[in-house]
Each structure stands twice: as C-alpha cells, then as structure tokens.
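Visitor: Hello! Could you take me through one part of this protein, step by step?

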Amino acid sequence: MRNKRGALQISFGWLFAIIIGGFIIFLAVFGVTKLMKTEQTTLDAKTGKEIGVLLNPLETDFESAKTTSFTMPTESRIYNGCKNTGNFGKQLIKVSQKSFNKWTETNINIGFSNKYIFSKEAIEGKKFYIFSKPFDFPFKVADLIYMTSSKDVYCFVDAPDEIKEEIETIKQKNILTENCSQKMINVCFSGNCDININYGSGYVEKQGKKLYFVSDTLMYAAIFGDVDVYECQLKRLMQRIEKLSLIYKDKAILIDKQGCESKMNTGLSELKLLADNFDKSKDIFLLETKINNLNKKNEVVGECRLW
C-alpha cells in the first residue's frame, strides 16, 4: 500500500513474514552447505582407506618390483604423513579433492601400522603410479611403496645397468631412462640435477640434504620420498626390525635346543640394540656390518637357517 505522498507502506505482519522467510532460507542454505562439507569429508576419509586397501596386492614375497596405477574421479591431493610413536609407528594418508573448483579441507588422517609409503609430502593429480620393492635387512622386513603423480615425470640419467634394466622392466610411464628434458625431475648418478645419487657412497642428495641408503630399495625410497617422510619411515622400519630381531632370537633358541647351532643369538641381540638406538639415515651404516655378518652365518648353517 502507498500513502498519499507515494511512499510504500509495509504492515508489521508482512515485514515479520519477510524476515522469518529470509531466516528460513538462510538456515536451509547453511544446512545444505554443512551437509555437503560433511559428506565431502566422509568421502575424503573413505578414499584414504580405499587407497590403503589398494596397496595390499603390492605386498609380495618376491624379489622383483611390482607396479600398478589408480585414477581418482576428480583432481586430488594425497598427503603422506608418518609418525614413529608406539610399537610400529603409523603410516598416515589424508586426501583432499577438488569440488566446485575448490579444494576440500579435512583433518582426517587414515592410519596404517603395516604400510610404508614414500612420496612427496603432498602429490596432486588424477592418475597416480605406485610400485614396490621388498626390504630385507637381513630378513624380510616390509614392502616399501613408492607413490608418484602422473604429473611428475622422473628421468634417470647415467643410471647403473641394473637400475636401468629394472626401470625398463617395470614399464612405469612416468619413470624414464632416456630422452630427459628440463621439464622433468632429473635424477643423476653423475653431474648436477634435481636429485643427485652418489651410488658408491650410498646417499641421495636433494633439497640440500643427504639421505643415506644401503640397498636399491632404500635408494628408491630416498629418491621418491620427501626428506622428512624418508627419515620418519626409516625409523619405523627400525622399530619393525627391533621386534623381528626378538622373534628370530626366540626361534634361534628353540632350534638350538633341537640340535641346531645357529650361533646368532648374540648377533640378533646386538641388531635389536642398534635398531632401538637408530636416530637418522646415516646410522644405517652402523647396522650394515652387523646385517652382513648375520647373513653369512645364516647361509652357513644350512637346514638350521632362521630365514
């Protein structure tokens, strides 16, 4: 209604209805937005669990590397976290996905005590590659998993023949040994690249730091893993070695009572102590000599072998 001067007059009832209606619409929009965020958080957590399950077939008793890939339904970020508290520490996976051109935010980490993933702290893309290799030190400790995005292409320059042959065998599309370019992540065994390998001295140099290794399995872990991820996962592997040393020591005592002479009780106790005191990757060389001695003794005893 308008008054004589032409001004619009709104009754209190209409004004109240408009305010209440606006408030209801606000609540509806807020509720839907909240529900969508909750559903997306649940989806991100579910996706993290599914990635962990997907890695199970890569765990193998074979000596050769295994590889596979998976594709996400939308552009995704996979965050690799690691904690070394408790008996075996935790492998943490957190997933964020692009929704309406924005990245979802979630603080939900999915934890696994038996997984060891080496990657950048965060990898982004739709298609991801993973391959694994068994880590024996001296007995089978775990399968190490290397995860990369298809957006990151690694090119190995002047790699030793055995490394080049293995890379060509697994046929992973984002790991090359020739036709390198500056757009790729170049991994050099001589010269100066994004990642530099001193194969003889046993270290990978990246991000201004040296990560030490004693086997090709750990070398790949240092190449594909973030510096902090590598150091943390290595500590977790030492925690596992510590527990396995006790198990093999009990086995040695048992078979010694049955007439075998493994003569490895002392060596396994020393290995446990070294693993327990492990602090950083350079300490891996302190265990290497002990590992070699235990392997030699294990090979000599024939039918009384522990592993």
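**A close look at helix 2**

Guide: In helix 2, the residues I163, E166, I167 and I170 are buried (buried means under 20% relative accessible area, exposed over 50%, and partly exposed in between, with a 1.4 Å probe and protein chains only). Looking down the axis of helix 2, you find these buried residues within an arc of 100°, so they line one face of the helix; the arc is that of the directions from the helix axis to the C-beta atoms. Helices here are DSSP runs of H or I with at least four residues, strands are runs of E with at least two, and both are numbered from the N terminus.

A word on the source: this is a predicted model, where local features need pLDDT of at least 70, side-chain atom pairs count only at pLDDT 80 or more, and totals for chains, interfaces and linings use all residues. Residues are numbered from 1 along each chain as its sequence is written, and side-chain values use heavy atoms, leaving out hydrogens and water.

Now turn to the face of helix 2 that points away from its buried side: the exposed residues D161, E165 and T169 sit there. E168 also belongs to helix 2, which covers residues 161-170, and E168 is partly exposed, at 42% relative accessible area.
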